[in-house]
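Hi,

Here is the structure I promised to pass on. Have a look at it first, and my notes follow below.

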Amino acid sequence: MSDQVVAVLDWIAILCLLAGALLSLVAGVGLIRFPDLLSRMHTAAKPQVLGLLLVLVGIGIRLIPEETNVFNIGTLILVGLFQVVTVPVAGHIAARVAYRTGRVHADLIVRDELAERLAAKRRADGGGGPPETRA
Amino acid sequence: MIDLKAKKRMGLAALRRRLGKVQVPVALGMTLVWLLLFDGFRLRFESLGLLVLGFLVSVVIMLVFPLPPITPGFRFRPVYLVRMLVYVFGRMAVASFRVTVQTLSPGPVRSSVVAVPLRTEADLMLVCTAIASSIIPGSVIVEVSQPNHILYVHLLGADDEKGIEAGREDIWKLEERIVMALGTREDVDALRAGPTVDDRREDA
């Protein structure tokens, strides 16, 4: 590979790594800044996914031409894949538990169609009793 | 005393029944993961062995931990798959930027929990749509109503009717792309036959 191509690849890798790191930083800031769990989920789970993917791309560009035996593209793809598949599961469970246990700041929620539905269901069940776990 | 021979026959029958339940596409997927794990895509002699070993391990895993089959299955449409991936990554980038702005700007950020009824019936499409909308910033799935195919989504920053409708439409668009890429023919028909965005808005 010519030096120029290597330089361009280097710059792309640098940009990816920096952008990824910045997004992860934003995720950290969001964790402190938002008051309720549901809003925190947005920053904790999301910019961090894209941030990690960008960091992985950066590593992939920079490390593969060097022929190291520690990382290969397969490992990086797997890391990204499992991150993408597992984050929504954890996020959904955390969000659901938070909602069901009432850890929602009502003043921050403008419209809540789930609460409307749960209330309607409770009325239909004849009042009383906890809301069903699966609507 | 239990007849050992009869027991063995029963065991063999059970094994055969389980072998019949092995889903080849799923096993191939697991083989792919195995190859990625051990760098099996380099051109060398060991790669062939890795391929065979990976497939065997996948089959053994499916024998030991049998799972219900994916019904009604899925089919790949490569062109739409690429379009879907590009769309998801584009949305991720845009939405990450938006959430970053919301995070860094002062003042409380208000949000809404919105019900999004999906147009397709298949569970697989529901799962894929849920995962995709979960990794796109700005939307967190709070609750899933599986029999009615409704996703309850927490939309960050949707503090008026316009924002709520925009968020709802985004998830419908996402569903459309995913069904076009992965859905069976029935799913695509259901998507086309399903009420349009405008009809849904009147219901909701």
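Among contacts in chain B between residues at least 6 apart in sequence, 68% join residues at least 24 apart. Keep in mind while reading that this is a predicted model.

On to what chain B is built from. I get eight helices and three strands, and starting at the N terminus the order is α-α-α-α-β-α-β-β-α-α-α.

As for overall dimensions, the C-alpha trace of chain B spans about 70 × 45 × 35 Å along its principal axes. Its radius of gyration comes out at 23 Å, whereas a compact globule of 204 residues would be near 17 Å. Of those 204 residues, 31% count as buried.

Then there's the contact between the two chains, which takes 35 residues from chain B and 36 residues from chain A. On the chain B side, these elements each supply at least two residues:

- helix 2 (24-37), helix 4 (78-104) and helix 5 (123-135)
- strand 1 (111-117), strand 2 (139-145) and strand 3 (150-156)

Which element of chain B gives the most to the side that touches chain A? That's helix 4, with six residues. By residue type, the side of chain B that touches chain A divides into 22 nonpolar, nine polar and four charged.

Cheers

How values were computed:
Residues are numbered from 1 along each chain as its sequence is written. Chains are lettered from A and ligands numbered from 1 in the order in which they are written. This is a predicted model: local features need pLDDT of at least 70, side-chain atom pairs count only at pLDDT 80 or more; totals for chains, interfaces and linings use all residues. Helices (H or I, at least four residues) and strands (E, at least two) are DSSP runs, numbered from the N terminus. The radius of gyration is taken over C-alpha atoms; the globule rule is 2.2 Å times the number of residues to the power 0.38. A residue is buried if 20 or more other C-beta atoms lie within 10 Å of its own, exposed if 12 or fewer, and partly exposed in between; C-beta atoms are placed from the backbone. Two residues are in contact if their C-beta atoms, placed from the backbone, lie within 7 Å. Ala, Val, Leu, Ile, Met, Phe, Trp, Tyr, Cys and Pro count as nonpolar, Asp, Glu, Lys and Arg as charged, and the others, Gly among them, as polar.
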